[in-house]
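My notebook is open, and I want to see how this chain is put together.

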Amino acid sequence: AGSLPVNSPGMIVLQWLTYAFWGWAILAMSILTTTVLASFISGSDTSWFTPYGIAAVLVLLPISIVCDVFYSKQEPQKKTGAASIVMVIHAVIFALFGIGAIIGIVFSLVRLLTSSSGTADVRVSLFSSLIVAVLYAAAFTRTINPPRFPFVRRFFIIFMTIVVGVVSVLGIVGPVANERATRNDKLISGNLQAEKTSVDTYSVNKKN
């Protein structure tokens, strides 16, 4: 009682939202992971983006979980019609992104083995691509939802929650903390530059 037909408009919309929100969450996670790794490995200043990345994943993750929970209660083991089309579309998208990440892994390994210069950026690319590939592989598996592995849905939610939590904490203790620690220094530096500009302008005006 109270369940929607498999191919009803309400179920199709809920199915699409579930896959789409997971896709957006993983995309945001991919970018956030890259910026956090860049901060820790290569020392890049990614504090300008990291807070927004953390905010994005912390908003998208709960929405994705809520949609997934509601959809999974009525998700059919074997999808037909419109439901199968929605599943195939998103599965292909996740697979393509995952393959792109695998290509990034191979490319980074080749650069790591052949580069004679610094490898910090290459290692950032390698580790980021590895994590992104795993995330999209998990999303692909959740999308096709193999009947032989009924635990996939629950495991996927737990897995994503752990990954988002770990990366968010690293972002907070890394780039965000660094931004807070150096905020006064940047303010002083900016004021000194402004003072220098004012002095130069005053000097030019006096000469004229």
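**Entry 1: terms before helices.** I noted that axes are lines fitted to C-alpha atoms, for helices over the stretch in contact, and that angles run from 0 to 180 degrees between N-to-C directions. Helices (H or I, at least four residues) and strands (E, at least two) are DSSP runs, numbered from the N terminus. I also wrote down that this is a predicted model, where local features need pLDDT of at least 70, side-chain atom pairs count only at pLDDT 80 or more, and totals for chains, interfaces and linings use all residues. Residues are numbered from 1 along each chain as its sequence is written, and side-chain values use heavy atoms, with hydrogens and water left out.

**Entry 2: the overall layout.** I looked up the secondary structure and found five helices and zero strands. Reading from the N terminus, the elements go α-α-α-α-α. The chain has 208 residues, and 36% of them count as buried. Buried means under 20% relative accessible area, exposed over 50%, and partly exposed in between (1.4 Å probe, protein chains only). Next I checked contacts (heavy atoms within 4.5 Å). Among contacts in the chain with a separation of 6 or more, 80% come from residues 24 or more positions apart.

**Entry 3: H1 against H4.** Two packed helices are described by the angle between their axes and the distance between the axes. For helix H1 (residues 9–42) and H4, I found axes that come within 9 Å and cross at roughly 160 degrees. H1 and H4 are therefore roughly antiparallel to each other. For the cut-offs, angles under 35 degrees count as roughly parallel, over 145 as roughly antiparallel, 65 to 115 as roughly perpendicular and the rest as oblique. I then checked the handedness, and H1 passes H4 in a right-handed crossing. The rule I used: a crossing is left-handed if the near helix is turned anticlockwise from the far one by less than a right angle, and right-handed if clockwise. Sorted by class, the contact of H1 with H4 has 15 nonpolar, seven polar and two charged residues. Here Ala, Val, Leu, Ile, Met, Phe, Trp, Tyr, Cys and Pro count as nonpolar, Asp, Glu, Lys and Arg as charged, and the others, Gly among them, as polar.

**Entry 4: H1 against H3.** The axes of H1 and H3 come within 10 Å and cross at roughly 5 degrees. That makes H1 roughly parallel to H3. I picked out some of the residues making this contact, including Trp16 and Tyr19 of H1 and Val86 and Phe94 of H3. The class count for H1 with H3 is ten nonpolar, three polar and no charged residues.

**Entry 5: salt bridges.** How many salt bridges does the structure hold? I found four. A salt bridge is a side-chain nitrogen of Lys or Arg within 4 Å of a carboxyl oxygen of Asp or Glu. Side chains of opposite charge can pair when their charged atoms come close.

I took Arg142 and Asp68 to begin with: their closest N and O atoms are 3.0 Å apart. Arg142 sits in helix H4 (residues 120–144) and Asp68 in helix H2 (residues 50–72), so this pair ties together parts that are 74 residues apart in sequence. Buried or exposed? Arg142 counts as buried at 2% relative accessibility, and Asp68 is buried too, at 0%.

Then I followed Arg142 to Glu75, where the closest N and O atoms of the salt bridge are 3.1 Å apart.

Arg153 is in helix H5 (residues 152–207), so the pair ties together parts that are 78 residues apart in sequence. Glu75 is buried at 9% relative accessible area, whereas Arg153 is partly exposed at 23%. Through shared partners, salt bridges join Asp68, Glu75, Lys79, Arg142 and Arg153 into one network.

**Entry 6: two single residues.** Thr143 lies in helix H4 and counts as buried at 1% relative accessibility. Leaving aside neighbours within four places in sequence, I found Thr143 in contact with Tyr19, Lys79, Met87, His90, Ala91 and Phe94. Ile93 is in helix H3 and is partly exposed, with 36% relative accessible area.
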